[in-house]
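Open the structure in your viewer and keep the selection panel at hand. The stops below say what to select next and what is there.

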Amino acid sequence: MHKAGPIVPSKWNINPNATKTVFANRKSRMAYKNGGEGKNSIIYLPGFADEDHREFVNTAFVCADTIGRKPDYSMPIASFETKWEHGVPSLDHTFYDHFASATQEIDEAIEKFGYKAGLEAATANIVNSATIDATKSLNILDRVLGLQTRAYILEMAVTKIDAPQLVFTVDTYSEGSVQGKVPELIEPDLQGHTESRATKVLYKNVGHIAESEEATMKASHNTAALRENWTIRDLARVLNSQISTEMETATDVAGSDWGLVNVTYGRSTNKPGDDINGVVSTIEGNGFNVDYLAMHTRPGTDFVTNDWVNGLGTDRPAPPGISAPIWGQKIFNITGFPQVLIDIAKTNTICTVGSKDAVWLGVGPTIIANYENVIAGYRGKVIKQWFFPFLSQAGAIRDLTGISA
Amino acid sequence: MALGDIKEGPFDLIYRAKGAGTITAGIIIAFDANGLAIPATATTYGRHGILTAMTHVVGATTYYGILMRGKVIAEAGAAIKPNAPVESDANGDVITAPTTISAGYTQAEIQVLWRVFGRYIRKDGDNQYAPSDAAATDAIVIDVGDH
């Protein structure tokens, strides 16, 4: 504490009701002005200043805190004493030495270092998160979100037909039946025979991406490669969806809700086997093998959790460990049923039961072309694929409808 | 795609500084007497374009990318039929331009010719072979310069 001879007038009477800042002398005014309002203000603490600084009573301090809350106890300015003369109050001051130079020292330290060592008060220039926000470090991950694609598996339910000339023709023979139980010496009738042809023209699925030279150079990631990769995957999604649409043009057969639970007995109400066996019989009766059950994730869950499928049924329990697939598998087998294909592209109320010979997929060429407009400054890539999913044999496929809700 | 995105090439893009008014990507742009980009209204004439999201900054001046020819995403201000010639409404959104000229034609009917700036193709997301009618606030594909 520097209570020494003041360098300013020993007496400085001011109006205790004054509302504006009054300075001791030219030096203190200059120090205050250099510091600026709020940056280095003065705070007057009536009574004891602080538990740890009981020597200060009715004292004014320098305050380096921008909002003027905490005094700097190393920088007392003046002590005050209220006096009454003729009924009028006034404040008597006793100035501490070196006020002006001390405030100047604080200002310079803050300007230079952002803080002054030994100050109890926080200064406005402590660097915090807000200060470095614009220049904070970056950790750009290699992985880019928004490009996720799943596995598309409905191609497993079709027969692929090469069609490099973008067309394929489907010729159909219709043969008459052989004649049975022909009597002796009777010439049998000739079998009838008709032919028909359907010509299918493939359609084109196209992925087209382009970006400017500047975008390529400024990007944090290899944008062109990421977009190309995603575009190829999205072409697979589009084709998968188109196959699903074609599969669902099959003849509808009403099924029952496989997820329905009987509230009285707490078990599945409907037996998927009843629905499936019905259409399997139809398809096999038409001369085809049944290869798959294709359905959306929701009916797929209803199917594998159905009591009559997962082994809790009383009439025909399936062997444990075989009946219930590990969820996440999209292709699995359950005893007593055709292979199951789970794909969310399918409608969530339909289970398609069919032979792989039912839907044909005309597969044409794939053309990938890069191009560049050098003058305007952008590069592009076009990926073209020709396909045509075609339900060629209506007798080999059925859609079980209403099997999930 | 977002308003102001270029949908297909070929296209002509010009950059101009902004005049009076507020401009946002996807609105129709007109030009003031100094050639500065201003938001189009129902009474702006001459060539119009669609503001893209692209900007070009030189010093303190921002130049805005305006598509003057090509296919771009804009916002419908009212119902529009496919292939209708289009003009700006009071907000710089796209509306159908009237094509009727009465027997005793008026100046206003003729002046429409200087407000038409393109053709409505389809809603963004429509199949290219199956355009549907646009409704107000739809993001739509406009062929700017085709009219």
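Select B:Ala40 and show what surrounds it: leaving out residues up to four places away in sequence, B:Ala40 touches B:Ile28, B:Ile29, B:Ala30, B:His48, B:Ser88, B:Asp89, B:Ala90, B:Asn91 and B:Gly92. Contact here means heavy atoms within 4.5 Å. This is a predicted model, in which local features need pLDDT of at least 70 and side-chain atom pairs count only at pLDDT 80 or more, while totals for chains, interfaces and linings use all residues. Residues are numbered from 1 along each chain as its sequence is written, chains are lettered from A and ligands numbered from 1 in the order in which they are written, and side-chain values use heavy atoms, without hydrogens and water.

B:Ala40 sits in the loop between strand E3 (37-39) and strand E4 (49-58) of chain B. Helices (H or I, at least four residues) and strands (E, at least two) are DSSP runs, numbered from the N terminus. Is B:Ala40 buried or exposed? It counts as buried because its relative accessibility is 1%; buried means under 20% relative accessible area, exposed over 50% and partly exposed in between, with a 1.4 Å probe and protein chains only.

Next, select the whole of chain B. It has one helix and nine strands, in the order β-β-β-β-β-β-β-α-β-β from the N terminus on. Of its 147 residues, 37% are buried. Among contacts in chain B between residues at least 6 apart in sequence, 57% join residues at least 24 apart.

Move to chain A and select A:Val359, which lies in strand E16 (residues 359-373). A:Val359 is buried, with a relative accessible area of 0%. Apart from neighbours within four places in sequence, its contacts include A:Ala157, A:Val158, A:Thr159, A:Phe390 and A:Ile397. The C-alpha atoms of A:Val359 and A:Ala157 are separated by 7.5 Å, although the two residues are 202 apart along the chain.
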